[in-house]
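This briefing covers a helix pair, a surface patch and salt bridges.

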Amino acid sequence: YTIMTRHVYSAFIIILFVCLIVFSMKSIDAIKGKIPNKTLYGVGILGYLFLSSALVAGSIYLDSPMKDVNKYIKISNQWKSVENYYTLKDVQTGSDQPSVIGLSNDLNQDFYDWYSSMYQDKNVYISTSEYISKNLLKTYKENRTYDYIPKKPFWYMTFSPTYLKEQGIDIDKKLLAASNSGKKVYLIPDNYTQNEKESLSQWLKESETKNIKENDISTVFNKSKEFIFVSYHYNKKVFNWSRDTEKNIMVSNPIIYIVTPQNMNYQQSESLRSNDLNGYIKFKDKETAKKYTNKDYLKKYGLEDNKIKFVAIKDFIDGLQKDLSQTILWFLGVIIGIILLSIILLISLSYVYRVSNNERLYVSKFLGFNFFKMYKVPMILIIVVWIIEMVLVCLFHSKIGVILIIIYGIIQILIFYLYMSKNDIKQLLLSIKER
């Protein structure tokens with residue numbers, strides 16, 4: 001915002017300076033060449049082109065937050081079933097600056113200890129997801145990231161035992177015990193072929209043990225690196241926590257990783273403090289969130305100065321929409337300012353053009369020339385710039401840009417026509433009389 005604001009201010013100062021010169025000069029001075037018209041034209045046209053470029057750039061940029069607002073409206077509707085869950089919204093740095101810049105693991109350790117203290121509460125969940133797409137698998141293969149690559153794309157769900165129970169997915173007690181003892185337990189749909197299951201299992205083993213370091217948060221899994229893969233059959237669809245509104249929010253046959261504190265590696269333990277909609281830790285309700293985020297409880301784990309804030313998912317989405325709306329209003333204000341400056345500059349240039357060419361325009365008027373013939377040069381300039389602007393916003397597929405440029409072009413032509421047509425004979429005669 002700051003950079004764009006500075007550009008707009010700079011343009012405003014330049015344009016104001018040109019306008020003051022133009023409107024303070026006498027017509028006779030312009031006619032006799034006392035005022036350097038070429039300089040005025042040059043500065044004016046340069047400012048006009050700068051403002052046109054700023055309008056195009058602003059319009060293209062505005063398209064993104066506009067799309068995001070529509071996206072979050074869709075997400076809000078799709079996420080109705082989980083809108084009352086509480087998710088992590090904000091974590092202050094506190095005394096953990098070294099952790100934030102990657103020089104320490106203390107903050108991650110504090111979060112891990114905090115979650116470990118409450119993970120067995122039936123109202124405390126881990127629920128997050130990732131879509132392993134066909135393109136991602138292709139990238140893995142091309143870059144030789146892994147020795148083993150899954151045969152097909154899939155949804156990869158990371159769910160705690162409490163969340164699985166909440167969703168009505170029954171898990172064998174032996175598997176839960178294995179998860180709690182540090183083994184990574186994966187549920188693989190029973191519609192996978194043996195070949196598909198084998199390639200997936202090998203990839204999971206490789207991806208989950210790769211890059212484990214000695215200074216990672218200590219878990220049983222980091223030492224033992226044991227896995228269990230189990231086929232499962234579940235008829236119901238599972239909520240996927242995805243913000244991709246183009247995909248179905250309910251999916252069938254995902255890969256499910258049953259996560260517990262002891263079977264995490266660095267990928268999970270260091271993601272506990274992720275604060276977005278698809279973040280890790282969720283609380284079922286406000287009461288549970290208050291219970292585990294009060295100052296006294298957080299103090300036990302060195303988190304009291306981090307001011308951990310959980311909000312209802314509905315409020316989280318509403319907050320994102322509000323931030324985007326403020327961005328949109330700010331840019332609309334800038335765009336309106338650009339349009340107003342352009343109109344002022346256009347009127348200034350029109351004035352210079354008229355007083356500099358008054359005799360020719362006077363003769364053309366009495367010879368019955370139409371408006372376009374009389375003002376062909378400035379009209380061509382306006383139309384050409386307008387066409388270029390339209391081509392640019394179309395190339396960037398900016399819907400809001402197309403609308404703004406159409407409105408901008410109509411306003412320019414209308415203002416130019418009205419200004420140059422109003423009392424044109426009187427103005428031309430006055431200019432000649434001054435001479």
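The axes of helix α17 (residues 376–395) and helix α18 (residues 399–421) come within 9 Å and cross at roughly 175°, so α17 is roughly antiparallel to α18 (an angle over 145 degrees). The model is predicted: local features need pLDDT of at least 70, side-chain atom pairs count only at pLDDT 80 or more, and totals for chains, interfaces and linings use all residues. Residues are numbered from 1 along each chain, and side-chain values use heavy atoms, without hydrogens and water.

- On α17 the contact (heavy atoms within 4.5 Å) involves P378, M379, I382, W386, E389, M390, V393 and C394.
- On α18, the residues in contact include V402, I405, I406, Y408, I410, I413 and F416.
- The contact residues divide into 14 nonpolar, three polar and one charged.

**Nonpolar patch**
- F372, I380, V384, I387, I388, V391, L392, L395 and F396 make a nonpolar surface patch of about 810 Å² (residues with over 30% relative accessible area and no salt bridge, nonpolar side chains joined within 5 Å).
- Helix α17 gives the most to this patch, with seven residues; I387 lies in that helix.

**Salt bridges**
- The structure holds eight salt bridges (a side-chain nitrogen of Lys or Arg within 4 Å of a carboxyl oxygen of Asp or Glu).
- In one of them, E166 pairs with K284, the closest N and O atoms being 3.7 Å apart.
- E166 lies in helix α7 (residues 161–166) and K284 in the loop between β9 (281–283) and α12 (286–293), so the pair ties together parts 118 residues apart in sequence.

How values were computed
Axes fitted to C-alpha atoms, helices over the stretch in contact; angles between N-to-C directions. Helix = DSSP H or I, 4+ residues; strand = E, 2+ residues; numbered from the N terminus. Parallel < 35°, antiparallel > 145°, perpendicular 65-115°, else oblique. Nonpolar A, V, L, I, M, F, W, Y, C, P; charged D, E, K, R; others polar. Patch = residues over 30% accessible without salt bridge, like charges linked within 9 Å, V, L, I, M, F, W, Y side chains within 5 Å. Areas by Shrake-Rupley, 256 points an atom, 1.4 Å probe, with all protein chains shown as cover.
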